[in-house]
Amino acid sequence: MKRLLESTETHFSTGEMRRSCALLVLLFAAGCSLCAADVGDFTPCLQFFYRSWPPKGLAGTPICQHFNNSYHFATLYSRPRRSPWFSAYLYTVPAGKRPSASWKYEPQLAYPQADGTMKPFPRPPLDQNIVESQAVEHDYINSTYSRGHLNPSLHHKSHDTRDATFTLTNVVPQKTGSNDGPWVFLEQSVNHTLATYCLGEAYVVTGIIPYQSDDHWLNNHRVAVPEYLWSAYCCPKYNQSLPKELENTFPTYAAIGRNDPNSSEEIVPVNKTAKKQFRGYDVRKMSLQTLEMYLKDRLSTVISVFNEQCSGSD
């Protein structure tokens, strides 16, 4: 499937490679320590993946999301779609209030030699390299879509990590009926389940499923709109005394949510009795195996979210 065969994740263009190599030579000559880039390689942020094993099957541009001198989560970004395929993070029990939205961008998407720390958008007019390389705030103005976090602020304790989730490289166009309804209810449910029963690390990956044909876009074909969102967690060490309704939700569980009320009901059925503003944005909970089956069917390739489906003993 062509949309999956992006070659930008670790295969920079010849010009980018020359500029990056020249930069490394200059740094070496100056006696600086050489650090892995924050864009193009997951190596600096493998701690956000179960067993340091990023999901397999999708191609894109890896981003180690860096903010205030720390890595906070990881994202696989699609340059052609100007939106992420997925974000991966470690869940921590949230504390404090939700940060105010201070939207940021990724400098290294625009300039490979730039500082890899995400930065707040400057005042317009924006540098054209930033505009061409990623989504910008203007893309969402006067649209019918909200900015939907893949990695939600709700799933973190650290204020810096919560603040770091407000980057447009972690956001997809999401209908308000989903973002303020069934999808946020799912995020709250996962928060409660993991906070109550997960006894060790909890790894979460949240991503999107594109339309099979006739992609939907924001702002004159700039930012691709997903048809569905999906999420899965992996908690290898958990309380064995689970209530009956949660017996099949560990060590892994998953869900797919609708982002289009007019989509077919093959993957996620519609609850006709739901409140009008949420109708058609249902979320269906399922096993990890079922999620991967749907991903394989829709993306025409095998997708593996967690190493050995989170079945190992850690």
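Modeller: The model is predicted, so local features need pLDDT of at least 70 and side-chain atom pairs count only at pLDDT 80 or more, while totals for chains, interfaces and linings use all residues. Residues are numbered from 1 along each chain as its sequence is written, and side-chain values use heavy atoms, with hydrogens and water left out.

Biologist: Why is Gln-108 called buried?

Modeller: Buried means under 20% relative accessible area, exposed over 50%, and partly exposed in between, with a 1.4 Å probe and protein chains only. Gln-108 has a relative accessible area of 8%, and is therefore buried. Gln-108 lies in helix H2, residues 107–110; helices are DSSP runs of H or I with at least four residues, strands are runs of E with at least two, and both are numbered from the N terminus.

Biologist: Why does Asn-68 count as partly exposed?

Modeller: Its relative accessibility is 42%, so Asn-68 falls in the partly exposed class. Asn-68 sits in the loop between S1 and S2.

Biologist: What is the phi of Asn-68?

Modeller: Asn-68 has a positive phi of about 50 degrees, although it is not a glycine. Glu-308, in the segment after H7, also has a positive phi, near 50 degrees, and is a residue other than glycine. Most residues other than glycine have a negative phi, and most peptide bonds are trans.

Biologist: What makes a space a cavity and not a pocket?

Modeller: On a 1 Å grid over the protein atoms alone, a cavity is a set of points where a 1.4 Å probe fits but cannot get out, whereas a pocket is an open set with protein on both sides within 12 Å along at least five of seven lines; lining residues have an atom within 4 Å of a point. The count comes to one cavity of 30 Å³ or more, and the largest cavity has a volume of about 70 Å³. Helix H6 gives the largest share of its lining, four residues.

Biologist: What is the volume of the second largest pocket?

Modeller: About 210 Å³, where a volume is the space filled by probe spheres set on the grid points, joined across faces, edges and corners. Its lining includes Arg-98, Arg-147, His-149 and Glu-187.

Biologist: What makes a set of residues a nonpolar core?

Modeller: Its members are buried Ala, Val, Leu, Ile, Met, Phe, Trp, Tyr and Cys residues joined through side-chain atoms within 4.5 Å. The largest nonpolar core has 59 residues, and Phe-86, Leu-194, Ile-256, Leu-291, Val-305 and Phe-306 touch the most other members. The largest share of this core, six residues, comes from S11. A second, separate core of 20 residues includes Ile-63, Leu-109, Ile-130 and Tyr-145.
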